[in-house]
Amino acid sequence: MTSIPATPARVLFYGVTGSGKSSAARAYAHVSGLPEFSADDDIGWLPSWQQRSVEHQRQLAADVASRDRWVLDSAYGAWRDIVVPRAELVVALDYPRWLSLARLIRRSVRRVITRQPVCNGNVETLARLFASESIFYWHFNSFARKRRVFREWQADPDLPPVLVFRRPRDLDSWLAQVAAATPRPGRC
């Protein structure tokens with residue numbers, strides 16, 4: 001296994017739908033001072049729930065990946081081949097299904113009630129939650145595959161190191177360690 005760099009400058013968060021990748025990436029970007037990018041907002045989606053074309057997504061992903069410093073909250077299958085090799089660290093959230101599903105349900109219901117914009121300004125609705133291509137469907141359809149993907153990455157010595165968290169408190173502890181080790185302006 002490749003060793004984890006002390007201060008990785010390009011970090012990809014990956015995990016099952018509902019595991020908290022975006023929140024974890026945001027927290028890591030905050031404590032590390034790295035710029036944060038959203039797979040949904042910056043690469044995948046347009047308003048009115050239209051996905052960008054695969055070609056456009058790949059161009060946007062290549063733009064992010066080519067930078068010297070970034071935190072990315074996920075990688076879609078259509079372009080993860082672009083960002084994974086450029087990452088210096090992959091942080092995988094491998095939480096039990098019950099936990100990620102509970103988080104997904106809670107998050108989705110909150111978004112429907114508050115009409116919180118997501119995915120580049122879109123709004124979730126009850127009808128959308130129960131549609132055939134809903135986020136819940138995606139969770140069940142992709143759970144095993146996403147876990148298999150990062151386990152394959154772990155086993156490949158040519159890919160960046162993969163740091164796997166199986167419990168949220170372990171992620172929180174790691175984020176606290178990163179915060180303590182990250183130099184801040186004005187801090188001696």
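Author: By class, the lining of the largest pocket divides into 16 nonpolar, 13 polar and 18 charged residues; here Ala, Val, Leu, Ile, Met, Phe, Trp, Tyr, Cys and Pro count as nonpolar, Asp, Glu, Lys and Arg as charged, and the others, Gly among them, as polar. The model is a predicted one, in which local features need pLDDT of at least 70 and side-chain atom pairs count only at pLDDT 80 or more, while totals for chains, interfaces and linings use all residues. Residues are numbered from 1 along each chain as its sequence is written, and side-chain values use heavy atoms, with hydrogens and water left out.

In total, 47 residues line the largest pocket, and Thr17, Asp40, Arg107, Cys119 and Ile135 lie nearest its centre. A pocket here is an open set of points on a 1 Å grid over the protein atoms alone, where a 1.4 Å probe fits, with protein on both sides within 12 Å along at least five of seven lines; lining residues have an atom within 4 Å of a point. The space in the largest pocket comes to about 1300 Å³, a volume being the space filled by probe spheres set on the points, which are joined across faces, edges and corners.

H5 gives the most, with six residues. Helices (H or I, at least four residues) and strands (E, at least two) are DSSP runs, numbered from the N terminus.

The second largest pocket holds about 260 Å³ of space. It is lined by 16 residues, with Ala6, Thr7, Pro8, Tyr28 and Val178 nearest its centre. H1 and helix H8 (168-181) are the elements that give two or more residues to this lining, and H8 supplies the largest share, four residues. By class, the lining of the second largest pocket has 11 nonpolar residues, four polar and one charged.

As for the setting, the protein has eight helices and nine strands. Its C-alpha trace spans about 50 × 35 × 35 Å along the principal axes. Of its 188 residues, 44% count as buried, meaning under 20% relative accessible area with a 1.4 Å probe and protein chains only. Among contacts (heavy atoms within 4.5 Å) between residues at least 6 apart in sequence, 73% join residues at least 24 apart.

Conventions
Buried means under 20% relative accessible area, exposed over 50%, partly exposed in between (1.4 Å probe, protein chains only).
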